[in-house]
Amino acid sequence: MTSPRSRLRPKSAAKAVTLALGLFLAASPLQAQDTELPNIGGAGGGLISGQQESEIGEQVMVSIRRSAPRITDPLVFDYLTAITYQLVPSAPLQERDLTLALIDSPAINAFAVPGGIVGVNGGLFLNATTEQQFASVLAHELAHLSQRHFARRLEQQETSAPLTIAGMIAGIVLSAVTQSDLGIAAIAGTQALAVQNMLAYSRAHEQEADRVGLDILASAGMDPDGMPEMFEIMMRQNRLQGNRPPEYLSTHPLTQSRVADTRNRAEQYPERAVRDSKEFHLVRSRLQVRYAASADIAVETFKAYLDRDDTGRNEAVRYGLAVAYQENNQPEKAIALLEELLRQNPGRITFQVTLADVLTGQKRAQEARTLLEDALARNPENYPIMHSLAEAELADGNGAAAAEILTQLTRMLPGQENLWLRLAEAEGMARNIVGVHRARAEYDALMGNLEAAQRQLRQAQEKLPAGSPQRQVVTERLAEITRRLNVQRRG
């Protein structure tokens with residue numbers, strides 16, 4: 001039976017992109033001013049249309065793909081997609097196809113950008129101790145999107161050409177997620193300050209996002225108490241970091257009175273006992289290993305966790321130790337732990353995929369293939385299983401088999417540029433030169449390099465016989481890329 005978290009929603013998967021914490025991004029702390037709110041839930045954006053928001057979002061995503069460190073781990077991405085789309089039906093969004101960006105940073109940050117872009121730093125998993133706290137950050141970001149707060153800030157700033165600042169928004173986003181001057185260096189100081197002021201939400205907008213976010217959590221069956229709990233964690237971080245508060249707080253002004261107000265609002269909802277999903281804690285353990293100072297330290301840390309657990313049955317801790325063993329080049333210990341976890345949890349996808357990855361790394365591709373094919377039969381179209389199986393085929397030199405799987409994945413997740421690169425590699429291994437050109441073209445297009453995409457498609461076109469169906473497909477895609485390139489040049 002397929003787990004409810006095992007499959008990407010087809011429509012969301014068509015645009016979902018790789019993702020990692022915080023709430024919105026800016027380069028430095030700002031003092032936001034209270035402003036009068038327009039009608040709650042109003043469309044906003046008399047100056048910025050939904051189409052313009054979409055174009056801004058696309059440009060920001062190109063910048064993120066080019067410059068921001070990303071987590072491409074399918075298990076982490078699959079979980080983030082699942083928890084986000086658990087909340088989406090309860091959010092008053094006009095457009096429910098979101099693009100998710102998972103940023104490889106241990107800092108506490110997350111963000112929402114016009115055009116349905118939601119980004120999360122890996123560090124959000126580290127700082128949120130419960131799934132309810134983690135979900136509250138996502139709910140808050142969805143609330144900002146649903147209320148179109150960015151468009152309303154543009155109206156208040158009397159900005160008449162929102163698309164001209166898309167590049168500056170991208171620069172500020174990159175500066176925050178990379179914690180460097182990347183992107184910001186090219187922005188004039190006065191312009192950057194103006195955009196920062198637009199990105200910094202007013203206290204009134206924050207209160208509205210708190211209220212709507214709490215409603216989203218409650219409607220989705222989550223615990224609204226997670227939001228004030230997460231705010232308190234951020235406040236503690238703020239006190240610890242002194243003059244350098246978490247980036248999240250740069251654009252989401254947080255005061256003790258706001259935390260108290262959110263706590264009071266959360267208490268108005270009916271009390272409910274909500275249990276975290278097991279998957280949240282497994283993914284959290286996975287990222288704790290990723291951000292450990294070293295694999296050795298990760299092993300010792302999870303061993304210490306187990307020593308404090310008298311029962312020794314904490315699955316998230318044992319799983320974290322297995323991943324730490326994997327990273328520390330102790331595969332046999334990782335395999336033993338994962339096999340034990342699977343005996344106790346038959347069919348748990350995270351354990352199956354992780355075990356298969358360790359087996360593949362040990363050149364035991366046939367064992368990995370058998371495990372994954374059985375898992376895929378029970379969970380058709382599961383992203384992590386399919387990705388792991390493709391990696392096993394590549395490791396075993398089966399380029400054509402890997403390309404077949406990766407082609408399916410690129411149809412499910414066309415916005416994940418790493419899949420197109422891997423497909424190009426698989427097609428090269430299979431000596432399918434046309435396939436290499438087509439995959440590279442899609443990668444280049446996602447990276448905003450339309451001229452390179454055009455060249456790749458022309459080379460593919462030249463290698464195909466006239467009148468063939470495949471040449472027709474390539475010709476149509478080339479025409480689309482050329483049209484976009486002409487628009488770009490005119491702009």
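Two strands are said to pair if DSSP finds at least two bridges between them, and helices (H or I, at least four residues) and strands (E, at least two) are DSSP runs that are numbered from the N terminus. In that sense, strand β2 (residues 110–113) and strand β3 pair in the antiparallel sense over four bridges. The model is predicted, and for this reason local features need pLDDT of at least 70 and side-chain atom pairs count only at pLDDT 80 or more, while totals for chains, interfaces and linings use all residues. Residues are numbered from 1 along each chain as its sequence is written, and side-chain values use heavy atoms, with hydrogens and water left out.

- Strand β1 (residues 99–103) runs parallel to β3, and five bridges join the two strands.
- G119 of β3 is the bridge partner of A101, and G119 is also the bridge partner of F111.
- The hairpin of β2 and β3 has three residues between the strands, and G115 takes a positive phi near 95° there.
- In a regular strand the side chains alternate between the two faces of the sheet.
- In β3 (residues 117–121), five of the five residues are buried, where buried means under 20% relative accessible area, exposed means over 50% and partly exposed lies in between (1.4 Å probe, protein chains only).
- I117, G119 and N121 point one way from β3, whereas V118 and V120 point the other way, and all are buried.
- Strand β1 is likewise mostly covered, with five of its five residues buried: T99, A101 and I103 lie on one side, and L100 and L102 on the other.

**Positions listed as "active site"**

- An unreviewed UniProt entry lists E141 and D210 for "active site"; UniProt positions are given in the numbering used here, feature names are shortened, and annotations may be inferred rather than shown by experiment.
- Although these two positions are spread over 70 residues of sequence, they cluster in space, with a largest C-alpha distance of 9.5 Å.
- E141 is found in helix α5 (residues 131–146), and E141 counts as buried because its relative accessibility is 0%.
- D210 lies in helix α9 (residues 203–219), and D210 counts as buried because its relative accessibility is 1%.
- When residues up to four places away in sequence are not counted, D210 touches H140, M227, F231, R258 and T262, contact being heavy atoms within 4.5 Å.

**The second largest pocket**

- On a 1 Å grid over the protein atoms alone, a cavity is a set of points where a 1.4 Å probe fits but cannot get out, whereas a pocket is an open set with protein on both sides within 12 Å along at least five of seven lines, and lining residues have an atom within 4 Å of a point.
- The second largest pocket is lined by 24 residues, of which D73, R286, Q326, E327 and D357 lie nearest its centre.
- The elements that give two or more residues to this lining are α3 (74–87), α13 (278–290), α15 (315–327), α17 (349–361) and α19 (383–395), and the largest share, five residues, comes from α19.

**P74 in helix α3**

- P74 is found in helix α3, and P74 is buried, with a relative accessible area of 11%.
- Leaving aside neighbours within four places in sequence, P74 is in contact with Y383, P384 and H387.
- P74 and M386 are 312 residues apart along the chain, yet their C-alpha atoms are separated by 9.6 Å.
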